[in-house]
Amino acid sequence: MAKVEIYTKMFCPYCTAAKALLNAKGVDFEEYDISMGGPKRIEMIERAKGGSTVPQIFIDGRHVGGCDDVHALDAAGKLDPLLGL
């Protein structure tokens, strides 16, 4: 199975929706809470090529975008292959 990383903030409905999709697929993911900023937020912006909104999702190191992007990949049938499902 692919390594999934997601940068989130507390009380973010988009983060909740993205995590719900991943959970529904039975995918384990590493979550980085950047609510308080700090080095993980800087890391996220660098990895996401300037993306500063949350969530930012990475699959096997590849930036796939945010909540809408991951749902669009799923709707197009492209998410499961990325996840190794």
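## Helix pair H1 and H3

H1 passes H3 in a left-handed crossing; a crossing has this hand if the near helix is turned anticlockwise from the far one by less than a right angle, and is right-handed if clockwise. Helices (H or I, at least four residues) and strands (E, at least two) are DSSP runs, numbered from the N terminus. The model is predicted, so to speak of local features requires a pLDDT of at least 70, side-chain atom pairs count only at pLDDT 80 or more, and totals for chains, interfaces and linings use all residues. Residues are numbered from 1 along each chain as its sequence is written, and side-chain values use heavy atoms, with hydrogens and water left out.

H1 and helix H3 (residues 67–75) pack at an angle of about 30°, and their axes are 9 Å apart. H1 is therefore roughly parallel to H3. Angles under 35 degrees count as roughly parallel, over 145 as roughly antiparallel, 65 to 115 as roughly perpendicular and the rest as oblique. Axes are lines fitted to C-alpha atoms, for helices over the stretch in contact, and angles run from 0 to 180 degrees between N-to-C directions.

On the H1 side, Tyr14, Ala17, Ala18 and Leu21 meet Cys67, Val70, His71 and Asp74 of H3, where contact means heavy atoms within 4.5 Å. The residues of this contact divide into 6 nonpolar, 1 polar and 1 charged. In this grouping Ala, Val, Leu, Ile, Met, Phe, Trp, Tyr, Cys and Pro are nonpolar, Asp, Glu, Lys and Arg are charged, and the others, Gly among them, are polar.

## The sheet

An open sheet is formed by 4 strands in the order E2-E1-E3-E4, with mixed pairing. Strand E2 (30–33) and strand E4 (62–65) are at the edges with a single partner strand each, so one side of each has no neighbour in the sheet. From one strand to the next the twist averages 25°. Two strands are taken as paired if DSSP finds at least two bridges between them. Strands of a sheet pair through backbone hydrogen bonds, either parallel or antiparallel.

E1 and E2 run parallel and are joined by 4 bridges; in E2, Tyr32 is the bridge partner of Tyr7. E1 and E3 are also joined by 4 bridges, but run antiparallel, and Glu5 stands opposite Phe58 in E3. Helix H1 (residues 13–24) lies across strand E1 (4–8), E2 and E3, and runs at about 160° to E1.

## Burial of E1

E1 is largely enclosed by the rest of the structure, because 5 of its 5 residues are buried. Buried means under 20% relative accessible area, exposed over 50%, and partly exposed in between (1.4 Å probe, protein chains only). In a regular strand the side chains alternate between the two faces of the sheet. In E1, Val4, Ile6 and Thr8 point one way, Glu5 and Tyr7 point the other way, and all are buried.

Strand E3 (residues 56–59) and E4 run antiparallel and are joined by 3 bridges. His63 in E4 is the bridge partner of Phe58, and Ile59 stands opposite Arg62 in E4. The two strands form a hairpin with 2 residues between them. Asp60, in the loop between E3 and E4, has a positive phi of about 50° although it is not a glycine. Asp60 counts as exposed because its relative accessibility is 52%.

## Other backbone features

The peptide bond from Val54 to Pro55 is cis, with omega near 0°. Pro55 lies in the loop between helix H2 (39–47) and E3.

Phe11 is in the loop between E1 and H1. Its phi is near 65°, which is positive in a residue other than glycine. At 81% relative accessibility, Phe11 counts as exposed.

## Arg47

Which residues does Arg47 touch, not counting residues up to four places away in sequence? They are Glu5, Tyr7, Phe58, Gly61 and His63. Of these, Glu5 and Tyr7 are buried residues of E1, and Phe58 and His63 are bridge partners.

Arg47 itself is in helix H2 and counts as partly exposed, at 25% relative accessibility. C-alpha to C-alpha, Arg47 and Ala24 are 26 Å apart in space, and they are 23 residues apart in sequence.
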